[in-house]
Amino acid sequence: MRAGSFPTSLSPAARGVVGGGQAGYNWELPSGWVVGVETDLQASGIKGSTSATIIDPHYFDEDLGQDVFFDSTRTAVSKKVNWYGTVRARAGYLLDPRWLVYATGGLAYGKTSLGFHVEDLIQGCLPDATICGDGSKSGVRLGWSLGAGVETMLAPNWSLKAEYLYVDLGKRSFDASTITPVDFKVSAKYQEQTVRVGLNYHFN
């Protein structure tokens, strides 16, 4: 079967809100540098989907001397980051006793999900006749994270920070089978950019 009944690729853009908590430990050096470790875990509303509908695709077959028509189809792909966390090193410099600028990076981990659906719009799902099917895959993956931020003291034990963090949880893929002997290769990358604000309590 020629390509044309289905899109050659679909790329869902994922976005959403995340929220969670973190813990860490910092060492302030005499030189004004601050080094430490942090870990965080958050629930995620990051998700996205996209679809394509192709109506009566056809092409002219020179051997047959006539147009060859395909079924009208709708194909959809969805992806989601269910939750994720990081374990990172952090290094920064005190601009003054209240303001810290820093960079951070380390391990990332999280659960990702990927879904696929294809259907014949005119004839429906007929075994060995039309192409219809669903598929999905999910699980926990490891990756990496890298970011930077600024933190300021609000009170003796409280600070406020704003942070940019890039999280790469790799690529998920699977073969989606249909009710006809046609399989689809489904894959998506999970590379998320987040901007977050946090309120921290210092136990020192």
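**Core, sheet and pocket**

Modeller: Let's start inside: the largest nonpolar core has 19 residues, and Leu114, Phe116, Leu169 and Phe184 touch the most other members. A nonpolar core here is a set of buried Ala, Val, Leu, Ile, Met, Phe, Trp, Tyr and Cys residues joined through side-chain atoms within 4.5 Å, with buried meaning under 20% relative accessible area for a 1.4 Å probe, protein chains only. Keep in mind that this is a predicted model, where local features need pLDDT of at least 70, side-chain atom pairs count only at pLDDT 80 or more, and totals for chains, interfaces and linings use all residues. Numbering runs from 1 along each chain as its sequence is written, and side-chain values use heavy atoms, leaving out hydrogens and water.

Biologist: Which strand gives the largest share of this core?

Modeller: β5, β6, β8 (158–177) and β9 each supply at least two of its residues; strands are DSSP runs of E, at least two residues long, numbered from the N terminus. The largest share is five residues, and the strand they come from is β8.

Biologist: Which strands stand at the edges of the sheet?

Modeller: It's an open sheet of seven strands with antiparallel pairing, in the order β1-β2-β5-β6-β7-β8-β9; a pair needs at least two DSSP bridges. Two of the strands have a single partner each, so one side of each is left without a neighbour in the sheet: these are β1 and β9.

Biologist: How many bridges pair β5 with β6?

Modeller: A hairpin joins the two strands through two residues. Within the pair, Val87 has Leu107 of β6 as its bridge partner, and Arg90 stands opposite Thr104. The pairing is antiparallel, and the bridge count is 22.

Biologist: And in β5, what is the bridge partner of Asp40?

Modeller: β2 and β5 run antiparallel and are joined by 20 bridges. In β5, Asp40 is partnered by Thr86.

Biologist: Now the largest pocket: which strand gives the most to its lining?

Modeller: A pocket is an open set of points on a 1 Å grid over the protein atoms alone, where a 1.4 Å probe fits, with protein on both sides within 12 Å along at least five of seven lines; lining residues have an atom within 4 Å of a point. This one is lined by 25 residues, with Asn26, Arg90, Glu151, His202 and Asn204 nearest its centre. Strands giving two or more lining residues include β2 (33–54) and β7 (133–155). The top contributor, with seven residues, is β1.

Key: Helices (H or I, at least four residues) and strands (E, at least two) are DSSP runs, numbered from the N terminus. Buried means under 20% relative accessible area, exposed over 50%, partly exposed in between (1.4 Å probe, protein chains only).
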